[in-house]
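Thanks for coming. I have one structure to go through today, so let me put it on the screen.

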Amino acid sequence: MEGSVSTQRQAGDVINLALGHPSPELLPLEPIRKAATHRLSTGDRLILQYGLEPGDLGFRHLLGEFLGLQPQRLFVTAGISGALDLICTTLTTPGDTVLVEDPTYFLARKVFADHHLRVVGTPTGENGVLLDELERRIREEKPRLLYLIPSYQNPTGATLSRDARERVLRLCREHGVLLIADEAYHLLGFNGLPAPSFAELGFSDTVITLGSFSKILGPGLRLGWAHAAPELLERFALSGVYDSGGGANPFAAAVVRSVLELGLMPEHLKTLRTTLAARRAVLYEALTAQLGAGFEVRYPEGGYFIWVRSTFPLDLETLTERARSHGVLVMPGSRASVAGAAADCVRLSFSYYDGSALRKGVERIAAALAELR
Ligand SMILES: Cc1ncc(COP(=O)(O)O)c(C=O)c1O
């Protein structure tokens, strides 16, 4: 979970652009109500039973149809966070190296650290992970895992091209590295899909592709999926947690099964993309207009975030602190960096607020900046 909603509630007027949540009005209560009523009216008591380890077959079937993937290669997880934990538990040994983009999703680093993995960064740029650097680091570090966020990356918003994805796959195959492709934002492209998902690029036991309903339906569902070779999925099923508790969140999966069965997903996704794209435009325009010279503002084609870099010597951690005193929170780049770099960057989210709050947030950042210039 990113940022703290409770801070925002207590602080009243604070605009928290550090949050990675969908805004409350983007949480589709009505479709969920319809879907829950539909599921409950089937009289199937087994939705309250322990579930099959990989997840209910009917749900996986519909999920496979929705994603264009084979259901027997899907494993239901407690979101991507749950999937990362499961991968670390079943496929790594403490002390193994995991190579991650620098910067990356800061809480994935925390999951890896919980499992005593050695986290090493490899640079990522405007078009995603830098491939020559990646190859060099794979040769030097001999990692067990490579963790990438290939579409609308958190925090930079960058997307890897199809060619780059294929080269990453070749590198991982050649060097025996297991690729974890975190596709949390893959379905949130504002101009169509970014490039084929890693799961679609040809099946192999080199890559586990992760997806989630958190950013496209509701994080409270705690529902996601892993797509991988059956041998890897079998190892997940044998983990202590799944052996003891059965599959992840059968009740939430049953409700989402009806969301898919009733065909409610496409319209919701359309609304979500349209709303997010409009907010992205508002935030981008406000930033470029108000920050003035000395800032590079990235224009993401999807996802939740805009990445801003200062091109003159200005420590954006200082700006972050000053902005807080003006009633606006942003995420300093250093928080997402493995090497403690990116102090010249900040991440701003456009997922939680409407246009007028986003404009107000940027005015406050500009006021904080004026005090530092
Ligand atoms: C890249 C990325 N992966 C995973 C997550 C967490 O996903 P989930 O809610 O499915 O655990 C987030 C949430 O911010 C994210 O940005």
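A word on the source. This is a predicted model: local features need pLDDT of at least 70 and side-chain atom pairs count only at pLDDT 80 or more, while totals for chains, interfaces and linings use all residues. Residues are numbered from 1 along each chain as its sequence is written.

Overall fold first. The chain has 13 helices and 14 strands. Helices (H or I, at least four residues) and strands (E, at least two) are DSSP runs, numbered from the N terminus. The C-alpha trace spans about 60 × 50 × 35 Å along its principal axes. For 373 residues, a compact globule would have a radius of gyration near 21 Å, and the chain agrees, with 21 Å. That radius is taken over C-alpha atoms, and the globule rule is 2.2 Å times the number of residues to the power 0.38.

Of the 373 residues, 47% are buried. By that I mean 20 or more other C-beta atoms within 10 Å of the residue's own; 12 or fewer is exposed, in between is partly exposed, and C-beta atoms are placed from the backbone. As for contacts with a separation of 6 or more, 73% are between residues 24 or more positions apart. A contact here requires C-beta atoms, placed from the backbone, within 7 Å.

Now the eight-stranded sheet. This is an open sheet with mixed pairing, in the order β2-β9-β8-β7-β6-β3-β4-β5. The edges are β2 (74–77) and β5 (128–129), each with a single partner strand, so one side of each has no neighbour in the sheet. Two strands pair if DSSP finds at least two bridges between them. At one end, β4 (residues 118–125) and β5 run antiparallel and are joined by two bridges, with Gly 125 opposite Gly 128.

Which way do the residues of β7 point? Leu 178, Ile 180 and Asp 182 point one way, Leu 179 and Ala 181 the other, and all are buried. On one side, β7 runs parallel to β6 (residues 145–148), with four bridges, and Tyr 147 stands opposite Ile 180. The path from β6 to β7 goes through helix α7 (residues 162–175), and this β-α-β crossover is right-handed. In other words, with the strands pointing away from the viewer, the path from the first strand over the helix to the second runs clockwise. Strand β7 also runs parallel to β8 (residues 207–212), again over four bridges, and there Ala 181 stands opposite Thr 209.

The other sheet is open and has four strands in the order β10-β11-β14-β13, with antiparallel pairing. Its edge strands are β10 (295–297) and β13 (331–332), each pairing on one side only. Five bridges join β11 (residues 305–310) to β14 (residues 345–349) in the antiparallel sense, and Trp 307 stands opposite Arg 347.

Strand β11 also holds Arg 309, which is partly exposed, with 16 other C-beta atoms within 10 Å. Leaving aside neighbours within four places in sequence, Arg 309 is in contact with Phe 295, Glu 296, Asp 344 and Cys 345.

On to the ligand. Its shell has 14 residues, and the closest are Gly 79, Ile 80, Ser 81, Ser 212 and Ser 214. The criterion is a C-beta atom, placed from the backbone, within 6 Å of the molecule. Helix α4 (residues 79–91) gives the most to this shell, with three residues. By class there are five nonpolar, seven polar and two charged residues. Ala, Val, Leu, Ile, Met, Phe, Trp, Tyr, Cys and Pro count as nonpolar, Asp, Glu, Lys and Arg as charged, and the others, Gly among them, as polar.

Last, the backbone. Most residues other than glycine have a negative phi, and most peptide bonds are trans. Where are the cis bonds listed here? One joins Asp 102 and Pro 103, with omega about 5°; Pro 103 lies in the loop between β3 (97–102) and α5 (106–114). Another runs from Asn 154 to Pro 155, with omega near 15°, and Pro 155 is in the loop between β6 and α7.

His 116 has a positive phi, near 60°, and sits in the loop between α5 and β4. With 12 C-beta neighbours inside 10 Å, His 116 counts as exposed. Asn 249 also has a positive phi, near 40°, in the loop between α9 (240–245) and α10 (250–261). Asn 249 counts as buried, with 22 C-beta neighbours inside 10 Å.

Key: Contact = placed C-beta atoms within 7 Å.
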